[in-house]
Structure formats: structure tokens, C-alpha cells
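Look at the chain as a whole, then follow the text from one place to the next.

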Amino acid sequence: MTSLLSFRVSPYLVLNSEFRPLCRVQARSTVGGDSTVSSSPELVVLNGGLPVEERERIDPLNGGNGYVASKTEVMKKRKKVKKEAKATSILESLEVLWDDAYGTSSVKDYLDCSRDMIRPDGGPPRWFCPVECGQPLNNSPVLLFLPGLDGTGLGLILHHKALGRAFEVRCLHIPVYDKTPFEDLVIFVEKTVKAEYASSPHKPIYLVGDSLGGCLALAVAARNATIDLVVLITNPATSFGRSQLQPLLPLLEAMPDGLHFTVPYLLSFIMGDPVKMATVNIDDMLPPRAALEKLSVNLTSLLPRLSGLADIMPKETLLWKLKLLKSAASYANSRLHAVNAEVLLLASGKDNMLPSRDEAQRLMNSLKNCRVRHFKDNGHSLLLEDGINLLTVIKGTNTYRRTRRHDYVLDFLPPSMSEYKVAFNQVVGLLRNASGSALFSTLDDGKIVRGLSGVPSEGPVLLVGYHMLMGLELYSLVEEFLREKNIIVRGVAHPELFSGKLENPSSEFGIIDWMKVFGAVPVTASNLFKLFSTKSHVLLYPGGAREALHYKGEEYQLFWPDQPEFVRMAARFGATIVPFGAVGEDDIAELVLDYNDLMKIPFVNDYIRESSHNAIRVREGMSGEVANEALFIPGILPRIPGRLYYLFGKPIETRGRYERLKDRENANELYLQVKSGVESCIAYLLKKREEDPYRNIFDRTIHKALHSPLDEIPAFEPWK
């Protein structure tokens with residue numbers, strides 16, 4: 001049986017970028033004996049820490065005996081590493097709109113790196129850390145990547161830099177000619193998991209498994225039910241018994257060696273969409289002709305490299321891997337009932353290798369804690385294709401955490417520049433372009449100006465305003481704060497959006513997930529407390545769901561509670577309160593079916609009653625219209641777009657007023673001042689928008705055609 005080796009390198013070893021070894025690395029078998037093997041040099045560095053196995057063993061070349069070290073010895077080594085790490089810069093947080101480098105690597109890089117990675121070295125499976133991952137944030141959890149059929153461990157190459165900021169990334173490499181049985185691979189990964197757990201028992205361990213690696217991740221999770229594991233699997237091979245490839249397996253075995261060179265080209269089209277792979281590094285904002293030219297160049301350079309798949313999976317290896325898939329699927333499926341871990345399953349809609357969409361539904365029903373995101377336009381090699389940034393998916397599903405429980409504030413990672421571009425150019429690009437938002441703010445002297453200069457840049461700041469129909473105002477508001485002030489606005493939203501009740505096996509990565517990527521949190525007192533503590537810019541709608549789901553004829557009416565809910569907490573932290581109004585929903589959409597209309601429709605009314613009854617109650621114990629928390633989707637029709645307008649009123653300071661605001665009357669006085677400020681902003685905008693020569697989309701389109709894209713479209717003159 002092939003022995004399992006512990007891959008050992010210096011924790012700070014960085015090798016050159018010319019794919020030539022600068023040194024040899026030492027590997028130790030778990031069954032005894034040492035061997036020296038060649039590394040894949042451009043990929044070997046550990047994220048600021050010793051390999052897991054090095055925490056357990058003491059090297060005999062450095063005075064150890066090669067067996068499991070005592071706890072004292074392990075702690076001494078860990079302290080030494082920590083001391084050395086202090087000399088390097090340790091990231092405590094990420095900047096807003098940081099560079100996650102998504103789109104700078106492609107499947108071409110995967111094939112080029114694989115060519116060097118697969119050189120025979122006589123070694124068994126091992127861990128490596130990509131150099132591109134760099135230095136992670138302080139106290140980041142460990143992420144172990146378990147590869148698919150290729151075994152190279154390079155399946156995350158498009159995501160290395162992004163994941164390397166949030167995790168200590170380690171990838172499993174299974175050499176081309178290695179024939180380690182599946183159960184031994186499980187034991188190998190399990191040993192690493194247990195060592196990590198012993199080192200940091202309060203941090204989760206992430207297992208990211210692709211295809212075959214998905215079976216491996218589930219198997220390890222089933223055997224370690226008491227360890228805090230987060231399992232992310234993409235198109236897991238648990239469905240291999242129902243694979244579309246089953247009829248081809250006998251043909252592969254009978255195929256002459258001389259024809260095996262054709263197999264890589266066949267596999268490339270089965271395992272992924274070449275066009276999706278070739279568009280990873282193409283900017284969506286490029287003109288169609290330029291994008292088509294770059295796609296042509298990418299495809300032309302990609303196709304010759306596909307022959308390298310024959311070296312990654314020669315005939316003997318391919319046949320072995322197919323047998324390995326069969327045993328892996330059987331092993332994992334027999335133990336699904338024992339998996340207690342949090343599981344996030346990513347399934348492709350155009351997987352030509354496995355019935356991944358159907359398998360997602362089966363696993364969601366079989367596993368105790370499984371959520372699914374469906375990518376309808378992607379193929380089997382999901383992580384190598386365009387349209388999926390793995391860290392974005394992790395953030396948008398609230399799967400990222402540093403401790404046993406997810407903290408919406410402390411575990412939040414700010415959006416990257418690539419996420420900003422995708423969200424506002426693609427996800428809400430149509431609404432963004434159609435609405436032509438114009439934002440105004442009020443300076444301390446009362447003067448109204450275009451832009452957000454009147455809103456304080458230093459937090460904590462509480463933005464309190466009117467919630468338009470279906471929250472139409474949210475997207476432009478969040479975008480403008482990022483674009484103009486480089487500030488992420490943390491919106492507090494209805495807890496029902498975070499409950500997962502609306503999820504199913506066909507759930508795509510949608511607008512609710514993107515809201516979480518951009519900082520939305522459930523509205524609770526503890527979350528507000530933490531946000532103010534971290535000096536955040538907080539977005540609050542006292543009218544909540546009742547305001548966003550208002551009835552016909554209720555446009556621009558406030559439905560606020562009677563009691564001053566937020567005033568005292570804002571004053572406790574000295575937060576600046578900024579009232580604001582937004583208008584334009586009646587220029588964008590027409591409400592045709594409101595709550596009263598829907599409740600007259602059979603079956604629909606029963607569904608609304610049931611969903612509202614089972615929903616989380618935010619206004620429990622309150623009376624009046626604000627207590628009406630019926631949740632439904634109104635019927636709306638688009639109009640020829642007008643324009644959205646925002647006005648942020650004069651900032652209200654609360655610093656030094658906390659003791660005074662403990663008195664209910666004083667608190668209520670300030671509360672009514674804020675409410676009056678919102679109503680004044682709405683009234684001002686409703687009047688002034690009549691003076692805007694560019695209120696109509698056609699006038700704005702003509703202006704764009706005649707001016708530079710960087711020119712701001714004029715609006716009404718605020719000082720007149």
C-alpha cells in the first residue's frame with residue numbers, strides 16, 4: 001500500500017517564479033522513513049505557519065526522534081513561529097474595495113502550472129500552499145482544498161489570492177501515478193484535520209472538495225462529527241453511479257494506447273465549458289468587439305494546452321481514478337447520515353459528467369445541515385469557469401466565520417473591487433442605468449449640495465430614512481457611498497432574509513446573497529450595538545417591511561413606531577444621525593397588486609397568511625400599522641424610467657447627550673426631529689424634481705451620447 005507522507009517545507013519558503021526548484025524538500029512517511037522529493041516550486045509556501053504535521057513531529061535532523069512530539073515541544077515550536085511572524089506584517093482587516101485579483105488567472109494558468117506540478121517524484125499525497133495566497137488576516141481559519149479527478153490541487157487557482165486573505169489555504173496534491181486507496185486518503189486528510197483541531201479547537205476547519213474531493217470531504221466530516229467543520233463541495237461525485245460517463249467506461253478500458261491522446265480533448269468538453277473558462281479574465285465593460293477579440297485570443301491559446309491533460313491523466317491513471325470515484329461515492333453515500341457539519345453545495349446546471357443538479361436535491365434532503373447554490377450556466381469544472389468567485393459565494397451565504405458561530409459584524413469581510421463591478425454592472429446594472437440616481441446632501445450651514453460631502457465620513461453614523469417600494473433605493477445608495485466616499489453602508493434588514501426558509505435545491509446566488517456581501521445584517525439590538533462599537537455607517541429604516549411593502553396610494557408615507565427605538569443607542573455611542581429621503585419609485589414602477597388585492601385571490605391568500613404566520617416577528621407586542629408585518633411580493637409593472645433622487649438632511653449630533661436622552665420625553669423629542677427631517681427631505685425632492693431637465697431617461701441617454709462617460713448627468717439646481 002502506498003505510504004502517506006507529510007509534506008514539509010520551511011514556513012517562510014518562497015520559491016522563484018520561473019518554475020525551477022531552489023531547494024529540495026523533505027517528506028516523512030507516516031509509516032516510518034524519510035524521502036527527499038522535488039517540489040512544485042512556484043507553489044510551495046505556507047501561510048505564515050508550520051505545516052500541520054510539523055506541529056505534531058520533531059524533525060530527527062534537528063534533534064528530534066521522528067515520533068509524535070510532546071505537548072511542550074509542540075508549544076515551543078509554535079511560540080517560536082509566532083515570534084518570527086511578528087516580524088512580518090500581519091493583516092488585521094481588509095480595505096474596502098480591496099483587490100482580490102479575480103480574473104487575473106485563468107484555466108491557461110492551471111494547465112501551465114499543472115505541467116510542472118505533475119513531474120514524477122516518487123512521492124505520495126501531500127499538502128502545499130500556493131504562493132499567491134500570501135499573508136492571511138490575523139486569526140483566519142484553515143481551508144483544506146481536496147481536488148477532483150486531476151489530483152493536482154490547483155483547482156482553486158482562480159481564487160488563490162482572494163481565499164488567501166481570509167483563510168490559511170492548503171491544497172492536497174495527489175501525484176499522477178499515486179494509487180492510494182480512498183480510505184487511506186480519508187485517513188490522511190483526517191489526520192490533518194485532527195491536528196488542526198488540537199492546535200485551534202475554537203476555530204472552524206474548512207474542507208473544500210471538488211468532485212472526487214467532495215466525496216472525500218463528506219467522508220472526513222462523517223468520521224469527525226464532533227469537530228467544527230464547514231464543508232464546501234462543488235459537483236460532488238457522490239452521484240458517480242448515475243454518471244453520464246458510465247456507458248463510456250468499458251470503451252476507455254479497451255481503447256489502444258495510441259488513441260489515448262484524444263481523451264484529453266473529450267474530457268475538456270465534458271468537464272467544463274471552454275467558453276466559460278476563456279472568459280474569466282475578460283472585463284464585462286469591454287465593448288462587444290474588443291471582448292470578442294480577446295475571447296478569440298484566449299480560446300486560440302487555450303486549445304493547444306489541452307493536450308497537457310494527457311500528462312495529468314495518462315490512461316493508467318485515468319482508469320485508476322475512475323475506480324477511485326466508484327469507491328469514493330460508495331464510501332461517502334453510506335455515511336451521509338453521520339455528517340453533522342455545515343455543508344454548502346455548489347451545483348452546475350450544465351454538468352456533462354455528473355447529474356449534479358439532481359444530486360444537489362438528494363444531498364439537501366439527506367444531510368442534516370445542507371444549503372445549495374445552483375449555477376445554471378456552468379459546467380462540471382465550476383471553480384475554473386467564469387461567473388463564480390468562491391470567496392463571494394462564501395460571504396454571500398454567511399458561511400465565513402472565525403469561531404463556532406457566525407458573527408455578522410466581526411466576521412464581515414468588506415467587498416472587493418471585482419465584487420463591486422459585478423454587483424453594480426451586472427446584477428443591478430439595468431436598474432442602475434435606468435434610474436440615473438442623483439444624490440444631494442446638507443452641509444452643517446444648511447446648504448444643499450450635489451453629492452455626499454454633507455454626510456460625515458467618520459463613524460459611527462446612523463442613516464435613517466424612507467424605505468421605497470421593494471427597497472428600490474438601496475442599490476444606488478450603497479454604490480454611491482462606495483464610489484464617492486469609499487464607505488461601506490451596513491444596512492439592517494428583516495431577519496427573514498437570513499433565515500434560509502426561501503432556499504431550495506434550485507436556489508441561485510441572487511440579490512439577497514449580494515446584499516449580505518455588501519454588509520446587510522439582521523436587525524437586532526446586539527447587531528446595532530456591535531456596528532456602533534466598530535464606528536460603522538449604519539442604514540436603518542424604522543418603517544421596515546410595512547413601508548417597503550406599502551399599499552396603493554401610500555407612496556412616501558412613513559410608518560414608524562411610536563417609541564424612539566434607535567435614539568438612545570445612537571446617543572450611547574455618540575453616533576451622528578443623518579435623516580434622509582428618497583423619491584422616484586412612482587417614476588420607475590407601478591404598483592398593480594398590493595396586499596389587499598392579493599388577499600382576494602384564492603390560494604395566494606392562504607400562502608401569504610401561512611408565510612406571515614411562520615415569519616420572524618420584529619414588531620412583536622406593538623400596535624398600529626407598523627405592527628402589520630405581512631410578507632408578500634407585490635405585483636408591479638415597470639414604467640418608462642424617470643429618476644431616483646436622494647437628499648441627506650443636516651447631520652444631528654448625539655455626542656454628549658446620552659444622559660439627557662435617558663429621559664423618555666427628551667428621547668421622543670429627538671426621535672420626532674429625525675422623523676420630521678425625513679419628511680422634509682421627501683417633500684423637498686418631490687418639489688425640486690419637477691425642475692430637473694434630465695428626469696426622463698431619453699434626455700439622460702442623449703446627454704450620455706454627447707458627453708464623456710465620466711461626466712455626471714446634471715439635475716436640478718439645489719440652491720435655487
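Met470 sits in the loop between strand E13 and helix H17 (474-485). Helices (H or I, at least four residues) and strands (E, at least two) are DSSP runs, numbered from the N terminus. With a relative accessibility of 38%, Met470 counts as partly exposed. Buried means under 20% relative accessible area, exposed means over 50%, and partly exposed lies in between (1.4 Å probe, protein chains only). Together with Ile633 and Ile636, Met470 makes a nonpolar surface patch of about 290 Å². Patches are made of residues with over 30% relative accessible area and no salt bridge; like charges are joined within 9 Å, and nonpolar side chains (Val, Leu, Ile, Met, Phe, Trp, Tyr) within 5 Å. A salt bridge is a side-chain nitrogen of Lys or Arg within 4 Å of a carboxyl oxygen of Asp or Glu. Accessible areas come from the Shrake-Rupley method with a 1.4 Å probe, and for residues only the protein chains shown count as cover.

This is a predicted model, in which local features need pLDDT of at least 70 and side-chain atom pairs count only at pLDDT 80 or more, while totals for chains, interfaces and linings use all residues. Residues are numbered from 1 along each chain as its sequence is written, and side-chain values use heavy atoms, with hydrogens and water left out.

The protein chain has 27 helices and 20 strands. Of its 720 residues, 59% count as buried. Its accessible surface comes to about 31,000 Å², and 55% of this belongs to carbon and sulfur atoms. Among contacts (heavy atoms within 4.5 Å) with a separation of 6 or more, 82% are between residues 24 or more positions apart.

Next comes a sheet. Seven strands form an open sheet in the order E4-E6-E5-E7-E8-E9-E10, with mixed pairing. E4 and strand E10 (370-375) stand at the edges with a single partner strand each, so one side of each has no neighbour in the sheet. On average, neighbouring strands of this sheet are turned by 20° against each other, direction ignored. Two strands pair if DSSP finds at least two bridges between them. Strand E7 (residues 205-210) and strand E8 (residues 229-234) pair in the parallel sense over six bridges, and Tyr206 stands opposite Val230 in E8.

Which helices pack on the sheet? Helix H6 (residues 212-223) does, touching E5, strand E6 (168-173), E7 and E8, and its direction makes about 160° with that of E8. Helix H13 (residues 356-366) packs on the sheet too, touching E8, strand E9 (342-348) and E10, with a direction at about 160° to that of E9. Axes are lines fitted to C-alpha atoms, for helices over the stretch in contact, and angles run from 0 to 180 degrees between N-to-C directions.

The loop between H6 and E8 holds Asn224. Asn224 is buried, with a relative accessible area of 5%. Leaving aside neighbours within four places in sequence, Asn224 is in contact with Glu190, Lys194 and Leu229.

Last come some backbone angles. Most residues other than glycine have a negative phi, and most peptide bonds are trans. Asn139, in the loop between strand E4 (126-128) and strand E5 (142-146), has a positive phi near 65°. Asn139 is partly exposed, at 43% relative accessible area. Lys535 also has a positive phi, of about 55°, and is exposed at 58% relative accessibility. The peptide bond from Gly459 to Pro460 is cis, with omega near 5°.
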